[in-house]
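This report walks through one protein model, from single residues to the whole chain. Please keep the sequence and the 3D view open while reading.

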Amino acid sequence: MSYVIPVWNVPSVPIVGRGERFPVRHIYCVGRNYAEHAKEMGGDAAKEPPFFFTKPADAIVPVVAPEVGAVHYPSATKNYQHELELVVAIGAAGTKLAPERALDIVYGYAVALDMTRRDLQNAMREIKRPWDIGKSFAEAAPIAAVHPVTTVGHPSRGRIALDVNGEPRQRGDLSEMIWDVPHVLHFLSQYYELLPGDLVFTGTPAGVGAVVAGDVLVGRIEGLGELSIRIVSPR
């Protein structure tokens, strides 16, 4: 018997104003980086250093406004939740970065969603096992186009908001992050060498909640446009 090993295209995200795309190597996510969200999850992140988890690169679902992306309701969950986040796109290698140099490796920023099978995440947390089953699955990272730093700078404040079916769910400001982008990259780079193509999800404000098939989610970050998706029936 012979086997054919498929050659997959590298996952990538469009870049605003440019013909090329941003190839995705790895996805890192920081947990509980807004105080009010930490409280609604039962913790107090202000007393803790940041912690990280990962998603596979092929979890991304690129969506270019005004397109509305389709995201399938995942299997094995009855509590599928949204988390709107600022994402940092890494454009240069960096390790053990000082906070004051961390922004040197940033290529750009994007609006994204960290979709979560909350019931599975909570079940793993209760028995002190990894969160992968709740965070790492197909279509778990819808993302809008990347805005290069050369056009938007380094946003450190600005409204971050998510509506579901036109009703407000999440409201916050980037300035409310417990650990700002330079410090997130500083901490993360102590454990990993950050490389071009990495995406870093920087945490979500309070107001996370469940969605079902048919729901339309619209997330916006001031200066970075919006991300719109529709939850569709399971495959």
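A76 is exposed, at a relative accessible area of 61%. Here buried means under 20% relative accessible area, exposed over 50%, and partly exposed in between, with a 1.4 Å probe and protein chains only. This is a predicted model: local features need pLDDT of at least 70, side-chain atom pairs count only at pLDDT 80 or more, and totals for chains, interfaces and linings use all residues. Residues are numbered from 1 along each chain as its sequence is written, and side-chain values use heavy atoms, with hydrogens and water left out.

A76 sits in the loop between β6 and β7 (80–81). Helices (H or I, at least four residues) and strands (E, at least two) are DSSP runs, numbered from the N terminus. Phi of A76 is positive, near 70°, and the residue is not glycine. N165 is another non-glycine residue with positive phi, near 55°. Its loop runs between β13 (159–164) and β14 (167–173).

| Residue | Phi | Relative accessible area |
|---|---|---|
| A76 | near 70° | 61%, exposed |
| N165 | near 55° | 45%, partly exposed |

The peptide bond between A65 and P66 is cis, with omega about 10°. P66 belongs to the loop between β5 (60–63) and β6 (69–72).

K96 is placed in the loop between β8 (84–90) and α2 (99–102). Is K96 buried or exposed? K96 is exposed, with a relative accessible area of 62%. Leaving out residues up to four places away in sequence, K96 touches S189 and Q190; contact means heavy atoms within 4.5 Å. The C-alpha atoms of K96 and Y191 are separated by 7.9 Å, although these residues are 95 apart along the chain.

## Aromatic pairs

A pair of aromatic rings is described by the distance of the centres and the angle of the planes. Rings of Phe, Tyr and Trp (its six-membered ring) pair if their centres lie within 6.5 Å; planes under 30 degrees apart count as stacked, over 60 as edge-to-face and the rest as tilted. By this rule there are 7 aromatic pairs. One of them joins F53 and W131: the pair is tilted, 5.7 Å centre to centre, with 50° between the planes. F53 lies in strand β4 (residues 51–55) and W131 in the loop between α3 (118–126) and α4 (132–135), so the pair ties together parts that are 78 residues apart in sequence. Both F53 and W131 are buried.

## The whole chain

How many helices and strands does the protein chain have? The chain has 6 helices and 17 strands. Its radius of gyration is 17 Å, close to the 18 Å of the globule rule for 235 residues, so the chain is as compact as a globular protein of that length. That radius is taken over C-alpha atoms, and the rule is 2.2 Å times the number of residues to the power 0.38. Along its principal axes, the C-alpha trace spans about 50 × 45 × 40 Å.

Of the 235 residues, 50% count as buried. Among contacts between residues at least 6 apart in sequence, 76% join residues at least 24 apart.
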